[in-house]
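Please read this briefing next to the sequence and the 3D view. The points are grouped by topic.

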Amino acid sequence: MATRRSSRRATAGGKRRDDSPREPLRPLTGQAKGQQLQELLEDLVSSSEPGDKLPSERELAARYGVARMTARGAIDRLVSQGLVHRIHGQGTYVSEPRVAQPASLTSFTEDMVTRDMTPSSIVLAQEVVPATGPIALQLQLAAGEPVLRLERIRRGDDDPIALERSHLPARRFPGLESVDLAARSLYETLATDYDCEPATSEQQIAAVALTDAEAHLLHVPTATPALRIERTTRARDGGVIEFVRSVYRGDRFELRTHQHRKAGTSRAEPDDAP
Ligand code: 16G
C-alpha cells in the first residue's frame, strides 16, 4: 500500500479542491487492470492533499480504458484502506493521513509533533477517586486507594483522534488533579514536576467499533472502526504509574511495529539420531 508523504498537510480551512488532473487518455493493458488502476490511484493520493477530489468513476473509466465497475472496485479498495472517502452526491476525496504510533513508548503529544501536527486535549474528567477493584489490580494498589481518573479527548490539528481514560496512583502524584492537562503533556508533567519518567509499558490492542458515546465525542458515525489500546506503564523504579484504556479512530491512527527474527529460526533441526 502506498504510504502518503508525511509532509502532506491539511488543505487550509478544510477547503475542497475540484482540480482533478487532466491527463491524456492512458489505456491500461494486460492483466489485473483493477490492481494497476488501484496502484495509479494510490500514487495520485500520495501526491495529493487531504480534501482533494479524486476523478470520478466515469472519468477514470474513460481515461484508463477500463469498465466503470473496475474503476469502482479500485476506489472501493482505497476507501477500505482509509486513503479516501466518499461524500454522497459529491464524489471521492482524499482523507487526512493516519497518525503513526511508533513501537517506542511515546506520548500522544510526541506522536503529534512527529507528524507535524498541533496536539491539544479536552479534559472530560480529572479527579481523585477511590480505586475500583479492577483498576487497583492494574495499578498494583489496594482497592479503595486514591487514584487520579483522567479522561481526555486527544486532538491533532483540532481534529479529535483518540479518547483516553487513564488512572494514575494519586499518592505518587499529589496535586496532579490540579495541573492544566488540557494545555500540558501528562508525560512531560510527570517528568518535570514529579521527576518520574515513564520507562516501560505493556499494551494490548484490539479492533473495536466505537460506541454511540465514543463516536459522538470523536465526531464520527457510530460503529466507526477503532483501535482499543490498553496500556500499563511503569516508571524506572518498576512501579506502575498509569493504566490507560484508549480508543483511537481507525481512520486516523495506525501502529508501526518493528520485528526481529531470531537467527537460525528457519533452519531444520539436525537429526538427533546417533
Ligand atoms: C499516550 C498513552 C497514554 C498517555 C499519553 C500521554 C497510549 C494508548 N496512551 O497517548 O497512556 O497518557 O500518551 O500523552 O498510547 P501526553 O503526554 O501528550 O499527555
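The notes below go from the whole chain to single residues.

This is a predicted model, in which local features need pLDDT of at least 70 and side-chain atom pairs count only at pLDDT 80 or more, while totals for chains, interfaces and linings use all residues. Residues are numbered from 1 along each chain as its sequence is written, and side-chain values use heavy atoms, with hydrogens and water left out. The protein has seven helices and ten strands; helices (H or I, at least four residues) and strands (E, at least two) are DSSP runs, numbered from the N terminus.

**Overall figures**

- Of the 274 residues in the protein, 41% are buried, where buried means under 20% relative accessible area, exposed means over 50%, and partly exposed lies in between (1.4 Å probe, protein chains only).
- Among contacts (heavy atoms within 4.5 Å) with a separation of 6 or more, 64% join residues 24 or more positions apart.
- The protein exposes about 15,000 Å², and carbon and sulfur atoms supply 51% of this area. Accessible areas come from the Shrake-Rupley method with a 1.4 Å probe, and for residues only the protein chains shown count as cover.

**Confidence**

- The average pLDDT (the predictor's confidence in each residue, from 0 to 100) is 87 for the protein, and 88% of the residues score at least 70.
- Over residues 5–21 the pLDDT is below 50, although this stretch has 39 contacts in the model beyond near neighbours in sequence.
- Where pLDDT is low, the predicted coordinates should not be read in detail.

**Ligand surroundings**

- There are 18 residues around the ligand, and Thr109, Glu164, Ser185, Leu186 and Glu242 come nearest. A residue is near a molecule or strand if one of its heavy atoms lies within 4 Å of it.
- Polar contacts are pairs of N or O atoms within 3.5 Å; within protein, one atom must be able to donate a hydrogen and the other to accept it, and residues adjacent in sequence count only if both atoms are side-chain atoms.
- The side chain of threonine 109 places an N or O atom 2.4 Å from an oxygen atom of the ligand.
- Leucine 186 uses a backbone N or O atom, which lies 2.7 Å from a ligand oxygen atom.
- For arginine 231, a side-chain N or O atom is 3.0 Å from an oxygen atom of the ligand.
- On its own the ligand has 450 Å² of accessible area, and the protein covers 100% of it.

**Helix α2**

- Helix α2 spans residues 57–64, and its buried residues are Glu57, Leu60, Ala61, Arg63 and Tyr64.
- An α-helix has 3.6 residues a turn, so residues three or four places apart point the same way.
- The cover over the buried residues of α2 includes α1 (33–46), α3 (68–80) and β1 (84–87).

**Salt bridges**

- The structure holds 19 salt bridges, each defined as a side-chain nitrogen of Lys or Arg within 4 Å of a carboxyl oxygen of Asp or Glu.
- Glu57, Arg68, Arg72, Asp76 and Arg86 are linked in a salt-bridge network.
- Glutamate 151 pairs with arginine 149 in a salt bridge at 3.2 Å, N to O; glutamate 151 is buried at 15% relative accessibility, and arginine 149 is partly exposed at 27%.
- Aspartate 158 and arginine 155 form a salt bridge at 3.6 Å, N to O; aspartate 158 is exposed at 54% relative accessibility, whereas arginine 155 is partly exposed at 21%.
- In the salt bridge between glutamate 188 and arginine 184, the closest N and O atoms are 3.5 Å apart. Glutamate 188 is partly exposed at 37% relative accessibility, and arginine 184 is partly exposed at 27%.

**Two serines**

- Serine 120 is in strand β4 (residues 119–130) and is buried at 18% relative accessibility.
- Leaving out residues up to four places away in sequence, serine 120 touches Ile153, Arg154, Arg155 and Asp158.
- Serine 107 sits in the loop between β3 (99–101) and α4 (108–114), and is buried with a relative accessible area of 6%.
- Serine 107 touches Ser185 and Tyr187, again not counting residues up to four places away in sequence.
- Serine 107 and glutamate 188 are 81 residues apart along the chain, with 8.7 Å between their C-alpha atoms.
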